[in-house]
Amino acid sequence: KEGPTLLDFLAEGSEAREIDMETAAPVPYLIDHSPGIGRKVMIETYGCQMNFSDTEIINSVLSTAGFEKTEDVDDADVVLLNTCAIRENAEGKIWGRLSQLRALRRDKERKKMMVGVLGCMAERLKHKLLEADKLCDVVVGPDAYRDLPNLLTKVEDGEQAINVILSHDETYADITPVRSSNNRVSAYVSIMRGCNNMCSYCIVPFTRGRERSRNIDSILKEVQQLSDEGYKEIVLLGQNVNSYNDLSTHSEYGVEMAPGFKSIVKVPEGGVRFAELLDRVSQVDPEMRIRFTSPHPKDFPDRVLELIRDRPNICRSLHMPAQSGSTNMLTAMRRGHTREAYLELVHRAREIIPNVSISSDFICGFCGETEEDHEQTISLLKEVQYEMSFMFAYSLREKTHAHRALNDDVPPEVKQRRLKEVIDLFYQLATEKNESELNQRHIILIEKNAKKDENQLMGRTDTNKKVIIPKDAIPLSLNPTDKSTAIPQPGDYVAVDIVQT
């Protein structure tokens with residue numbers, strides 16, 4: 001009866017716990033083990049707009065893991081190169097940059113630095129990158145960015161790390177991008193990934209995988225968020241952006257293509273297509289401009305063209321990659337259309353959308369291209385008169401149909417001569433087309449200071465042409481009785497008259 005009671009034991013236990021709580025080491029599972037804590041990462045981006053959009057996804061993944069962004073290579077613990085594999089010279093730039101970084105890593109006075117290769121070149125070359133003489137530590141394909149923190153941890157543990165598995169469903173729809181630009185004028189919105197076109201010259205289906213589209217609701221939510229944050233323009237992105245097909249959401253519309261065009265693979269029915277997405281995105285904010293890239297000509301049915309005509313905030317600028325003006329070459333390239341079908345599409349676009357601008361891509365010296373084929377390309381340039389074009393000599397890529405089945409038989413000097421002829425003609429025609437716009441009025445969206453003169457501003461027309469204006473106070477109204485003025489700022493819309501080209 002005189003011994004300790006239960007309350008005595010509880011009291012002693014409570015005191016013991018208080019002492020232990022004050023003096024014990026931290027509990028391991030309560031410590032922040034984020035692999036990036038205290039580490040800085042620098043990302044260099046090469047290639048297409050899709051890569052720049054992917055870098056914003058990578059920034060988000062690494063930021064969540066505790067990494068801090070830096071623009072100074074000397075301050076970086078990790079340097080990541082987000083790469084392009086579309087042409088040989090694009091890969092050559094990366095090999096050169098890796099050699100520069102290796103020299104930095106051999107400097108014993110600087111801190112240890114990890115180097116990673118991401119994106120299309122990572123998927124294409126895989127282990128070859130790791131086997132190169134200590135050029136990089138981690139190799140990550142376009143569908144494995146979620147795994148980056150884990151892979152970087154492996155490198156810290158002394159391992160080389162690689163993940164280049166292509167996914168059938170990865171769209172990163174649930175990751176909020178960390179925008180690379182702070183100007184809040186224009187933002188990329190990725191809507192789909194991969195490509196099913198299997199053009200014979202193109203490596204993209206092998207480095208980016210098959211097409212898969214984001215759920216439309218996730219896209220609309222992101223666009224609304226950008227509008228709320230004050231962005232004035234969005235660019236919808238995809239390797240084949242107008243092939244968008246959200247199969248997770250039912251639509252009453254069937255598959256539509258431009259007349260005379262066909263797909264090399266069967267297109268699934270029942271999903272939300274690009275026209276419906278573009279329609280709903282354009283209604284989120286009528287004051288927000290909408291662009292999209294990069295499209296395929298086959299996915300420009302009239303319904304898309306008519307929507308662009310009817311919605312003032314969808315820019316009247318169409319990228320219609322022709323690649324060649326020769327039906328023989330288009331067949332060898334597996335483009336799914338003839339020269340005649342392409343020209344009919346251009347005619348329809350200009351008929352439906354007044355003052356539309358059209359841009360293109362051209363490949364010079366593709367397998368088996370004759371002088372006659374080349375002349376067909378020259379004549380296409382003259383007939384269409386493009387506002388913008390991306391022009392390249394053909395570069396053979398491993399894994400492609402052309403690499404397996406065709407002969408890269410056009411001599412390099414012939415490729416370069418034909419390329420020069422195409423470039424020279426394009427600039428001659430583009431100059432004449434620009435001069436025809438003298439004294440015309442355009443609404444431009446101011447993007448930033450002009451590169452060559454900080455006292456000037458650069459804006460872009462609805463038709464995707466750059467315009468330079470002085471950084472001077474201008475009237476706030478076209479009404480002559482309103483005398484109020486202001487200096488335009490990035491994000492402002494300005495009415496301008498073209499006085500020089």
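Reader: Let's start with glutamate 437: is that residue buried or exposed?

Author: Buried means under 20% relative accessible area, exposed means over 50%, and partly exposed is in between (1.4 Å probe, protein chains only). Glutamate 437 has a relative accessible area of 14%, so this residue counts as buried. Keep in mind that this is a predicted model, where local features need pLDDT of at least 70 and side-chain atom pairs count only at pLDDT 80 or more, while totals for chains, interfaces and linings use all residues. Residues are numbered from 1 along each chain as its sequence is written, and side-chain values use heavy atoms, with hydrogens and water left out.

Reader: Which residue forms a salt bridge with glutamate 437?

Author: Here's the general idea: side chains of opposite charge can pair when their charged atoms come close. A salt bridge here is a side-chain nitrogen of Lys or Arg within 4 Å of a carboxyl oxygen of Asp or Glu. Glutamate 437 pairs with lysine 465, and their closest N and O atoms are 2.5 Å apart. The two sit in distant parts of the chain, 28 residues apart: glutamate 437 in the loop between helix H15 (412-435) and strand S17 (441-449), lysine 465 in the loop between strand S18 (456-461) and strand S19 (466-470). Helices (H or I, at least four residues) and strands (E, at least two) are DSSP runs, numbered from the N terminus. Lysine 465 is buried, with a relative accessible area of 14%.

Reader: How many salt bridges does the structure hold?

Author: There are 39. Take arginine 110 with aspartate 74, whose closest N and O atoms are 3.9 Å apart. Arginine 110 lies in the loop between helix H3 (88-105) and strand S4 (114-119), and aspartate 74 in the loop between strand S2 (68-69) and strand S3 (78-83), so the pair ties together parts that are 36 residues apart in sequence. Arginine 110 is buried at 15% relative accessible area, whereas aspartate 74 is exposed at 52%.

Reader: What about aspartate 497 and arginine 441?

Author: They form a salt bridge too, with the closest N and O atoms 2.8 Å apart. Aspartate 497 is in strand S22 (residues 493-497) and arginine 441 in strand S17, 56 residues apart. Aspartate 497 is partly exposed, at 40%, while arginine 441 is exposed, at 51%.

Reader: On to strands. What is the order of the open sheet?

Author: Two strands pair if DSSP finds at least two bridges between them. The open sheet has 6 strands in the order S2-S1-S3-S4-S5-S6, with parallel pairing. S2 and strand S6 (161-163) stand at the edges with a single partner strand each, so one side of each is left without a neighbour in the sheet. Strand S5 (residues 138-140) and S6 are joined by 3 bridges, and valine 138 has alanine 161 as its bridge partner in S6.

Reader: And how is strand S1 joined to S2 and to S3?

Author: S1 runs parallel to both, with 2 bridges to S2 and 5 to S3. Look for lysine 40 opposite glutamate 68 in S2, and glutamate 44 opposite leucine 81 in S3. In strand S1 (residues 40-45), 5 of the 6 residues are buried, so the strand is largely enclosed by the rest of the structure.
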